[in-house]
Amino acid sequence: MALSCNNTLFPKPFVTSCSSQTQGTHFSNLPQPTKQDPIFKIKGPSTLSGHITVSGSKNASLPLLAATLCCSGTSLLHNLPNVSDIQAMASILSSLGAKVDAFDGKMMVNSDGVGKVEVDLEEMKKIRGGFFVIGPLVARFGEAVVALPGGCNIGKRPVDLHLRGLRALGAVVELRDGKVWARAANGRGLVGGKFRLDYPSVGATETLMMAASMADGTTVLSNVAKEPEVVDLARFLTDCGAWIEGAGSDNLIIRGKRQLYGSECVIKPDRIETGTFMLAAAITRSCILMSPVIPSRVSCLIDKLSQAGCKISRLDQQTLQVSAHPSHIGYDLKSFDIKTNPFPGFPTDLQPQTMALLTTCTGSSLVEESVFDNRMTHARELQKLGARIQVSGSNALVYGFDEGSALEGSRVIARDLRGGVSLILAGLAAKGTTQIHDIAHIERGYENIDMKLQNLGADIQRLTLTPAPHLL
């Protein structure tokens, strides 16, 4: 499915509303927090077969929703994933005064009624992506007060690049009481400037792109992120009236516009979910089909899985078949090394899931994490399932099944989003029953993952238990 943005569908300004019968019929189905402990219970080992439908990209949706704050009139986003992070971002937009209607996998946002520029602290605790609103708020309204972000605990992930970049665009930025206070120094709005990122941070690139799209003059950003989600955001902003050149390269040139207008956008399929199900096929030695996918966005994983021995076929423009079934490959999967890097390198968001797979391959593998400094906590949980893994800082030596790893069901904790889903993959391959606690982390980024796996033949259930002692 291609991302399609076209502001010609809406006259300027475009204002609409949804009937009360359609509001919230999609996102209201999300699991709500309770005092009880929801878990995933998996009986393995599993063999999967069939077709999986890949949801829209969470990592693209969050900055796109924030970007609607830049726009006069209404924006309509299609194919949003039904996950709690999206619900949290919608809540943040509503708390600022935007009109948000969700229905049938779509979200309509009109920000003309935004009447405040401070995000509620409790809302910000729910989701790191809420910090994206700082750029649009300062650019359009001249000021913003945003708490430091929450989200997964996978490392320092500082926001200093966001703040230094905003200063380069003429903002006065202060840190007080755990909040970021930003305002346009000239009292009117941001101005074009030059800024080089020390590291190609996706979040900082997207924040500064949104801010610069409404700044007075031309902005040059260098050493920026090249991830597909950056390209998607640039395309949406362009269709809203912005002038952006260089998305997908190391440098961005942005000529600010005084006013942007709402547009319509279809979210592209989630490349991390695509990769996760590719790894699910591999770890269970199964054959599954998946669509819609964009193979070029997961080419690094395709190369690694092919190296291991998987057979990966492109059946049409949007459909992949991934097979690790012994009858198809004729031998077991071989180990391989990975080192995470910014796109087009190996995605850090697929590192935990790949580590789970490597415990079932032959030989040993080296996993190097170069993006986040605390993204190895899942290794301890995999060890509870029988994996043999030696961790040293941001590196891990992973031993395959012939060198000591033998996955067996146990009780484990999802300590973050991607680490949590790596435990699901391991549970699918393990002998016996696996219970995964704190699954709210997983449900932040995967839409109905239990039901999708059930449809492929997995024995996985979402259960609610009374609170249990912490499993440390």
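**Note on a predicted structure**

1. The side chains of R164 and D160 meet in a salt bridge, at 3.5 Å from N to O. A salt bridge here is a side-chain nitrogen of Lys or Arg within 4 Å of a carboxyl oxygen of Asp or Glu. R164 and D160 are four residues apart in helix α5 (residues 160–168), so about one helical turn separates them. By this rule the count comes to 18 salt bridges.

2. The model is predicted: local features need pLDDT of at least 70 and side-chain atom pairs count only at pLDDT 80 or more, while totals for chains, interfaces and linings use all residues. Residues are numbered from 1 along each chain as its sequence is written, and side-chain values use heavy atoms, with hydrogens and water left out. Helices (H or I, at least four residues) and strands (E, at least two) are DSSP runs, numbered from the N terminus.

3. Helix α4 (residues 134–141) packs against helix α6 (residues 202–212) at an angle of about 15°, and their axes are 8 Å apart. Axes are lines fitted to C-alpha atoms, for helices over the stretch in contact, and angles run from 0 to 180 degrees between N-to-C directions. That makes α4 roughly parallel to α6, a term for angles under 35 degrees.

4. Which residues make the contact between α4 and α6? From α4 they are I134, G135, P136 and A139, and from α6 they are T207, M210 and A211. Contact means heavy atoms within 4.5 Å. By class there are five nonpolar, two polar and no charged residues; Ala, Val, Leu, Ile, Met, Phe, Trp, Tyr, Cys and Pro count as nonpolar, Asp, Glu, Lys and Arg as charged, and the others, Gly among them, as polar.

5. Four strands form an open sheet with mixed pairing, in the order β10-β11-β13-β12. Two strands pair if DSSP finds at least two bridges between them. β10 (194–196) and β12 (243–245) are at the edges with a single partner strand each, so one side of each has no neighbour in the sheet. From one strand to the next the twist averages 15°.

6. Within this sheet, β10 and strand β11 (residues 218–222) run parallel and are joined by three bridges. K194 has V220 in β11 as its bridge partner.

7. Strand β21 (residues 388–392) and strand β22 (residues 395–399) run antiparallel, with five bridges between them. V391 stands opposite A396 in β22. The two strands form a hairpin with two residues between them, and G393 in the turn has a positive phi of about 65°.

Key:
Parallel < 35°, antiparallel > 145°, perpendicular 65-115°, else oblique.
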